[in-house]
Amino acid sequence: MNPKPVTEESIRYAVELLRQGQLVAFPTETVYGLGADAANPDAVGKIFAAKGLADHPLIVHIASAAQIDDWAETVPEAALRLAERFWPGPLTMILNKKSAVPSAVTGGQDTVGLRVPANPVALQLLQAFGGGIAAPSANRFGHISPTQAQHVAEELGDSVACILDGGPCSVGVESTIIDLSDGIPAILRPGRITRSQLKAVLQTDVRLSPQSKIRAPGMMAVHYAPNTMALLCPADTLIAMTDDLCAQGKHIGILAFSAEIAEIPCLHLLRLPADAELYEPALYSSLRALDNLQLDTILIEQPPDNEAWAAVNDRLNKATV
Ligand code: TXA
Ligand code: MG
């Protein structure tokens, strides 16, 4: 499936496919989504078939906050405040669902994830379609999320009816997910919108759910890079390991951001910006590029342990679906 340039005609075509219950991959500011009509359980079922997974709660993308109550049973004041401040944008809110929301969309849960994406192509598509579009990231289960249309084509081939090419994603890591379905708001997945920003708007505490806590650095199985062993380590360890591995004749790739590492003589060294907001848009395409080189090991420089890097640390520390 070749990505299609975005024109009025390709948007109309994509809308028609969605209405017929087909899958359409589309750009968002975070990553590309694999979309289906969220009101059509058969269409949503095709997402699971294409991704190779089942029973995974999906985010319903909507054109504006005015559509929240098409999907959510109760809309807390907190949700309205966050929507006002951060939508369109990389924030997903988990709310109690309306009974009509298909359980295929929510993984059988009583809650639904909602987001208004900030990408102009996504918004054009949503406005023209009118309803909600259920969409996970447009990668095969366990792989790296796609941040360019070509990545989607490589991941999904012909299991998607249309891929809209909106260019590279500007944010590059998946949305922040905040659970507002009961009690104290909780971040289920860190993203570009930080806990401090959320707290400032809500004027309440915002918890970090245990699963989003940063794990101790060290060896990790990068489930989204199954062919290449990847290690996350501080700069000094990385330099020492590079010497060791190269002495053993291993082919290595390095993903780094600090100046001292840029000096290492390594054929496959990708140096990303040392600013998290500039690093994020390059993260997945860099991992993908290194993963395609059939290397023995990828060494990734451990980012600082602070809020600005929370999304990157989360993605580097755990496999994402
Ligand atoms: O930035 C994003 O959020 C991208 C773009 C396409 O919008 N989408 C994305 O979808 O990352 P996905 O399926 O790869 O990740 C969605 C996450 C999952 O971890 C899922 O568990 C969580 O959202 N989620 C969705 N609905 C939920 C619900 N009702 N309760 C709890 N978690 C939910
Ligand atoms: Mg995903």
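Is Tyr 279 buried or exposed in this predicted model? With a relative accessibility of 0%, Tyr 279 counts as buried (under 20% relative accessible area; exposed is over 50%, partly exposed in between; 1.4 Å probe, protein chains only). Residues are numbered from 1 along each chain as its sequence is written. In this predicted model, local features require pLDDT of at least 70, and side-chain atom pairs count only at pLDDT 80 or more, whereas totals for chains, interfaces and linings use all residues.

Over residues 212-223, the pLDDT falls below 50. Where pLDDT is low, the predicted coordinates should not be read in detail.

Three aromatic pairs are present (ring centres within 6.5 Å, the six-membered ring being used for Trp; planes under 30 degrees apart are stacked, over 60 edge-to-face, the rest tilted). One of them, Phe 257 with Trp 309, is tilted, at 5.3 Å centre to centre and 35° between the planes. Phe 257 is buried at 10% relative accessibility, as is Trp 309 at 5%. Tyr 279 and Trp 309 form an edge-to-face pair, because their planes lie at 75°, with ring centres 5.0 Å apart.

The side chains of Thr 228 and Asp 291 are joined by a polar contact of 2.6 Å.

Conventions:
Chains are lettered from A and ligands numbered from 1 in the order in which they are written. Side-chain values use heavy atoms; hydrogens and water are left out. A polar contact is a pair of N or O atoms within 3.5 Å; within protein, one must be able to donate a hydrogen and the other to accept it, and residues adjacent in sequence count only if both atoms are side-chain atoms. pLDDT is the predictor's confidence in each residue, from 0 to 100. Contact means heavy atoms within 4.5 Å.
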